[in-house]
Amino acid sequence: MRGTILAVMRSRICHISRSIWIGLCLVAMIAVRIPATAITPLPPPAATSFMWPTRTPTEVERTFQAPASPWGAGHRGVDLAVDVGAPVYAAGAGTVTFAGEVAHVPVVSITHSGGFRTTYLPVKPAVSVGMELTAGTMIGTLVGGHSEERSVLHWGAKCGHGASVHYFDPLWLLFPPRYRLVPSTAMRADGPG
């Protein structure tokens, strides 16, 4: 039963915000007495090691909208207002896992510790697959074409592969949610009072 509850909850993370996900996990732990170590919220990275891919805070033109399924509609990242020709930087340390074109759009993908990836497009790569990068390394220059209204850098983040992929807001890497658990005097060892 515990495995079924966790599987159902994890399958819904694409359309549930991280705050709600944590709350649901806590409720599940109380309801079925799952040890706290059994639930791993996404994403796992430490935010202190990440920076804006523009090096400075940038206006967000379009926000993240999680898809209901890995192949469903949504906006799998944020669009940052950046001028065409501007340099784009690795938001965190990692390894370049893709530098090329997807459907005629230049893309750079970086895999970070913990196995999650960030993507940057449309970016003409100045890096190649296999390169080890530190946060702040220039990865390429922005080219036009992602938005009809204004030149933007699309910055995405995800973990997993195929049907188990989970997209998350890359701004969480810069501004992680903070949680504080407060003990309840109404709780007893055998369950809620």
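# Notebook: strands, hairpins and core

I began at a turn: E5 and E6 form a hairpin with five residues between them, and Gly-114 in that turn has a positive phi of about 95 degrees. I note here that this is a predicted model.

**Entry 1. The chain as a whole.** I looked up the overall make-up. The chain holds two helices and 13 strands. Of its 193 residues, 40% are buried. I took the accessible surface next, which comes to about 10,600 Å²; carbon and sulfur atoms account for 59% of that surface. For contacts between residues at least 6 apart in sequence, I found that 61% join residues at least 24 apart.

**Entry 2. Confidence.** The average pLDDT of the chain is 77, and 66% of the residues score at least 70. Over residues 1–47 the pLDDT stays under 50. The model has 67 contacts beyond four places in sequence for that stretch. Where pLDDT is low, predicted coordinates should not be read in detail, so I left such detail out of these notes.

**Entry 3. Strand E5 and its partners.** I went back to E5 and asked which strands pair with it. Strand E4 (residues 94–102) is joined to E5 by seven bridges, and the two run antiparallel. In that pairing Thr-95 stands opposite Thr-111 of E5. With strand E6 (residues 117–121), E5 pairs over four bridges, again in the antiparallel sense. Here I found Val-108 opposite Tyr-120 in E6.

How many of the seven residues of E5 are buried? I counted five, and E5 is mostly covered.

**Entry 4. Ser-109.** Is Ser-109 buried or exposed? Its relative accessibility is 11%, so Ser-109 counts as buried, the cut-off being under 20%. I then listed its contacts, leaving aside neighbours within four places in sequence: Thr-95, Val-96, Thr-97, Phe-98, Thr-118 and Thr-119.

**Entry 5. The turn between E4 and E5.** I looked at the other hairpin of E5. The hairpin of E4 and E5 has two residues between the strands. Ala-103 in this hairpin takes a positive phi near 55 degrees. His-104 is in the loop between E4 and E5, and its phi is near 70 degrees, a positive value in a residue other than glycine. Most residues other than glycine have a negative phi, so I marked these angles for a second look. His-104 has a relative accessible area of 74% and is therefore exposed.

Val-102 belongs to strand E4. Its relative accessible area is 47%, so Val-102 is partly exposed. I also took a distance: the C-alpha atoms of Val-102 and Pro-122 are separated by 9.8 Å, with the two residues 20 apart along the chain.

**Entry 6. Other backbone angles.** The peptide bond from Leu-121 to Pro-122 is cis, with omega near -10 degrees. Most peptide bonds are trans. I also noted Arg-55, which has a positive phi of about 75 degrees although it is not a glycine. Arg-55 is in the loop between helix H2 (18–32) and strand E1 (60–62).

**Entry 7. The open sheet.** I traced a sheet of three strands. It is open, with antiparallel pairing in the order E3-E9-E7. Strand E3 (87–89) and strand E7 (123–125) are the edge strands, each pairing on one side only. From one strand to the next the twist averages 40 degrees.

Strand E9 (residues 138–142) is joined to E7 by three bridges. Three bridges also join E3 to E9. Which residue of E9 is the bridge partner of Val-88? I found Gly-140. Pro-125 also stands opposite Gly-140.

**Entry 8. The nonpolar core.** Last, I looked up the largest nonpolar core, which has 29 residues. Tyr-120, Ile-139, Leu-153 and Trp-155 touch the most other members. The elements giving two or more residues to this core are strand E2 (77–81), E5, E9 and strand E10 (152–159). Which of them gives the most? E10 does, with four residues. In soluble globular proteins, nonpolar side chains tend to be buried together.

Notes: Residues are numbered from 1 along each chain as its sequence is written. This is a predicted model: local features need pLDDT of at least 70, side-chain atom pairs count only at pLDDT 80 or more; totals for chains, interfaces and linings use all residues. Side-chain values use heavy atoms; hydrogens and water are left out. Buried means under 20% relative accessible area, exposed over 50%, partly exposed in between (1.4 Å probe, protein chains only). Contact means heavy atoms within 4.5 Å. Two strands pair if DSSP finds at least two bridges between them. Axes are lines fitted to C-alpha atoms, for helices over the stretch in contact, and angles run from 0 to 180 degrees between N-to-C directions. Accessible areas come from the Shrake-Rupley method with a 1.4 Å probe; for residues, only the protein chains shown count as cover. A nonpolar core is a set of buried Ala, Val, Leu, Ile, Met, Phe, Trp, Tyr and Cys residues joined through side-chain atoms within 4.5 Å. pLDDT is the predictor's confidence in each residue, from 0 to 100.
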